[in-house]
Amino acid sequence: MIVLGIESSCDETAAAVVDENNRILSSVIASQVAVHRQYGGVVPELASRMHVEAISPLVAKAVHQAGISLSDIGGVAATRGPGLIGALLVGFCFAKSFAWARGLPLAGVNHLEAHIHSLFLTDRELTFPFTALVVSGGHTNIYHVAADNRFALMGQTRDDAAGEAFDKVSKMLGLGYPGGPVIEKLAKTRDPDQIHFPRSLLEKDSCDFSFSGLKSAVARHIHENPVKSTKDKALVAAAFQAAVIDVLCEKLLRAARSMSCRQIGISGGVSANQTFVTTLEQRAAREQIQVIAPPVSLCGDNAAMVAARGAVMIRDGCLCRLDDDVYSRALPSA
Ligand code: KG4
Ligand code: ZN
């Protein structure tokens, strides 16, 4: 079945068409980053308005680029939560109307489960059970994924998400929003061991995260050693990134080991960080664990992952009704 996917939970409007073999027929994204960058972060009301403007032409573009006609679409999937309420409403209501008008089944997709499903859109074979990380601007969650529809949360952040920490440190260094890509680029130029920042590993068996102490340590360091040059900024960026990566790797391997998983899948915006991917691959290989990461184009928010998750939900009869609502935080499933 061909599924139309729609994503609008934060600052990207996205539409995609995916077929029954998880082949992406089209995937288009209208990013709002340039607008939000002027404010140093996402402005929810602006996000909603821009989703309204973008959604119709974007869906038309996705259908056109897929080379299909509307009658080829067998189901609709849209992100239902978590995310910004106003933003979510735009995509979800559009999907409801589209599904109702064409008599199609509708799946209300959990955004975090969608990120995990981006792992099924790679050419690497992923088999259950596996350990999954969703690491983005809003979440740092580890799941044990036992089978389709079975996501058990093993750990999450107790304060800031890893991506949020990248964004805040970037702001402290005057590098702008979003922080991840620019910190990664700067960090490549310097030795990460010149400065040492703390790694919060919490209790011995915990798979939870805490990044607020690291963020404060960076703030303290910058206060005591003002960053004057690009070189100063790069040293802080490299040391900060190394601390985040170290903790992410440690917790992921801890989780995989405890459930005897041979595969770890990473997804979400921060998994676009190639230093993270290669470090994790090297450390996991020592324990014969394979790492699967989506291509960079599928790490951030996109609708192909929503369609892929929705296809499973539609197949399994997990459908939405027209009076179902979006949710900002509550996580019915993942
Ligand atoms: O998944 P995503 O696009 O949106 C959310 O659902 O939050 O993730 C965005 C986050 C931002 O915090 C951004 O700074 C971070 O992902 N990010 C990165 C990189 N690219 C994006 N973090 C580290 N390294 C990167 N290369
Ligand atoms: Zn996301």
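**Ground rules.** I am working with a predicted model, where local features need pLDDT of at least 70 and side-chain atom pairs count only at pLDDT 80 or more, while totals for chains, interfaces and linings use all residues. Residues are numbered from 1 along each chain as its sequence is written, chains are lettered from A and ligands numbered from 1 in the order in which they are written, and side-chain values use heavy atoms, with hydrogens and water left out.

**Ligand shell.** I looked up the neighbours of ligand 1 and found 20 residues around it, taking a residue as near if one of its heavy atoms lies within 4 Å. Gly137, Asp167, Gly180, Glu184 and Asn273 are the closest. By type, I get 5 nonpolar, 12 polar and 3 charged residues in the shell. Here Ala, Val, Leu, Ile, Met, Phe, Trp, Tyr, Cys and Pro count as nonpolar, Asp, Glu, Lys and Arg as charged, and the others, Gly among them, as polar.

**Who supplies it?** Which helix gives the most to the shell around ligand 1? It is α6, with 4 residues. α4 (111-117), α5 (162-172) and α6 (179-187) each supply at least two; helices are DSSP runs of H or I with at least four residues, strands are E runs with at least two, and both are numbered from the N terminus. Domain 1 (2-116 + 301-315) and domain 2 (125-293) each put at least three residues into the shell, with bounds from an automatic or database domain assignment.

**Polar contacts.** I counted pairs of N or O atoms within 3.5 Å. Oxygen atoms of ligand 1 lie 2.9 Å from a polar backbone atom of Gly137 and 3.1 Å from a backbone N or O atom of Gly163. For Asn273, a side-chain N or O atom is 3.0 Å from a nitrogen atom of the ligand. Taken alone, ligand 1 exposes 550 Å², and the protein buries 86% of that (Shrake-Rupley areas, 1.4 Å probe).

I found a cis peptide bond from Gly81 to Pro82, omega near -10°; Pro82 lies in the loop between β4 (73-81) and α3 (85-102). The bond from Phe128 to Pro129 is also cis, with omega near -10°, and Pro129 is in the loop between α4 and β6 (130-135). Ser260 has a positive phi, near 50°, though it is not a glycine. I located Ser260 in the loop between α8 (230-258) and β9 (263-267).

Note on methods:
A polar contact is a pair of N or O atoms within 3.5 Å; within protein, one must be able to donate a hydrogen and the other to accept it, and residues adjacent in sequence count only if both atoms are side-chain atoms.
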